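I opened the notebook for a friendly look through this one.

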Amino acid sequence: MGPTLALVGATGAVGTVMIDILNGREHWPWGEVRLIASPRSAGKKITVRGVELTVLALTPEVFDGVDVAMFDVPDEVSARWAPIAAERGAIAVDNSGAFRMDDDVPLVVPEVNRDQIAACPRGIIANPNCTTLSMMAALGALHHAFGLRELVVASYQAASGAGQDGIDRLYAEAAAVAGKQVGSRAGDVREALAAAGLSQDDSPFPAPLAFNVVPWAGSLKADGWASEEIKVRAESRKILGIADLKVSATCVRVPVVTTHSIAVHATFAEPVTVAQAHEIFAAQPSLVLVDDPEKGQFPTPADVVGGDPTYVGRVRQALDFPNALDFFVCGDNLRKGAALNTYEIAESIAARH
């Protein structure tokens with residue numbers, strides 16, 4: 001009999017993707033799976049690997065006998081319930097931001113720092129932010145070979161990064177402007193949205209997203225920085241184990257439903273060539289190298305969405321910057337950026353049982 005796995009938040013947006021991942025895995029180490037959600041979702045039936053399971057209400061007792069508990073829930077829910085799961089004997093793998101920067105909670109991307117899984121004194125392991133995750137497999141491999149020193153990135157983040165509300169808002173805005181000639185003058189997108197009864201006050205975004213890009217993701221932090229940008233800096237340092245890594249990020253929301261993209265400018269301690277980077281990327285099982293500009297081949301969200309790997313391309317020797325590369329990555333923010341990485345951590349824990 002294998003270990004018992006619990007999924008908290010089984011009926012949410014990321015939880016639904018997690019169910020899809022569970023149903024598609026070739027290797028299956030689990031003896032039992034428990035699906036857990038809020039009391040209003042308790043009693044629902046969900047099929048996992050051909051077995052119909054009943055969703056259980058979130059209570060302390062539901063974690064009794066659980067070996068690994070994956071949390072795909074908001075920060076405040078994880079902050080309360082992950083420690084309870086740990087107290088009941090489970091290792092909690094948390095996809096929220098509740099514990100990421102706690103010194104006694106490892107922040108794990110298995111391709112980069114799998115060894116940290118064994119060091120979880122509180123019984124909690126954190127999953128990084130989806131934006132940081134999208135570039136970690138590529139950066140981790142390059143850092144191992146050449147020693148990363150500086151990182152400047154611009155993210156192009158999908159609406160789904162703001163949850164189901166973000167997806168619904170983008171679809172509503174797209175419907176409101178469909179068939180209209182917008183963009184020819186300032187304000188006409190806003191006018192189309194207003195005519196459709198879409199108030200900006202009700203949007204998860206600070207500006208219209210349809211036919212637009214919004215240079216903001218998250219909440220306001222000190223000196224004009226957005227919380228998503230601060231996360232990229234802090235989490236990159238922790239995952240890669242480079243406390244003094246120089247990082248600057250600009251996070252932008254774009255009218256894409258799912259899949260984050262990041263333009264990366266990375267500087268290394270040692271000289272690095274495009275050919276070397278191509279060889280390293282091609283050798284990584286979780287990366288797909290798509291890089292032939294002459295044939296118009298490079299990653300785009302439309303090609304990547306729904307898949308597990310991170311795609312990387314547009315690899316260039318940085319002009320005017322020694323020991324530096326520029327490249328572009330795309331990763332499905334609901335799969336590798338959230339559910340898949342959480343599950344891969346859980347699978348690594350199961351392998352130790």
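This is a predicted model: local features need pLDDT of at least 70, side-chain atom pairs count only at pLDDT 80 or more; totals for chains, interfaces and linings use all residues.

**Sheet**

I started with the strand order: six strands make an open sheet, S5-S2-S1-S6-S7-S8, with parallel pairing.

Next I asked myself which strands sit at the edges. They are strand S5 (56-57) and strand S8 (124-126), and each of these pairs on one side only.

I then looked at how S5 is attached. Strand S2 (residues 32-37) runs parallel to S5, and two bridges join them. Within S5, Ala 57 stands opposite Ala 37.

**Helices on the sheet**

Helix H2 (residues 75-87) lies across strand S6 (68-71), strand S7 (91-94) and S8, and it runs at about 175° to S6. Helix H10 (residues 335-350) packs on the sheet too, where it touches strand S1 (4-8), S6, S7 and S8. For H10 I noted a direction that makes about 175° with that of S6.

**A helix pair**

My next stop was helix H5 (residues 164-177) with helix H6 (residues 188-195): they pack at an angle of about 100°, and their axes are 9 Å apart. Why call them roughly perpendicular? Angles of 65 to 115 degrees fall in that class, and H5 and H6 therefore count as roughly perpendicular to each other.

I listed the residues that make the contact. H5 brings Arg 169, Glu 173, Ala 176 and Val 177, while H6 brings Val 189, Ala 192 and Leu 193. Sorted by class, the contact of H5 with H6 has five nonpolar residues, two charged and no polar ones.

**Positive phi**

Arg 49 sits in the loop between strand S3 (45-48) and strand S4 (51-54). Is Arg 49 buried, exposed or partly exposed? Its relative accessibility is 32%, so Arg 49 counts as partly exposed.

Thr 259 was my other stop, with a positive phi near 110°. I found Thr 259 in the loop between strand S10 (246-253) and strand S11 (260-268). Buried means under 20% relative accessible area; Thr 259 has 0% relative accessibility and therefore counts as buried.

Definitions and conventions
Residues are numbered from 1 along each chain as its sequence is written. Side-chain values use heavy atoms; hydrogens and water are left out. Axes are lines fitted to C-alpha atoms, for helices over the stretch in contact, and angles run from 0 to 180 degrees between N-to-C directions. Helices (H or I, at least four residues) and strands (E, at least two) are DSSP runs, numbered from the N terminus. Angles under 35 degrees count as roughly parallel, over 145 as roughly antiparallel, 65 to 115 as roughly perpendicular and the rest as oblique. Contact means heavy atoms within 4.5 Å. Ala, Val, Leu, Ile, Met, Phe, Trp, Tyr, Cys and Pro count as nonpolar, Asp, Glu, Lys and Arg as charged, and the others, Gly among them, as polar. Two strands pair if DSSP finds at least two bridges between them. Buried means under 20% relative accessible area, exposed over 50%, partly exposed in between (1.4 Å probe, protein chains only).
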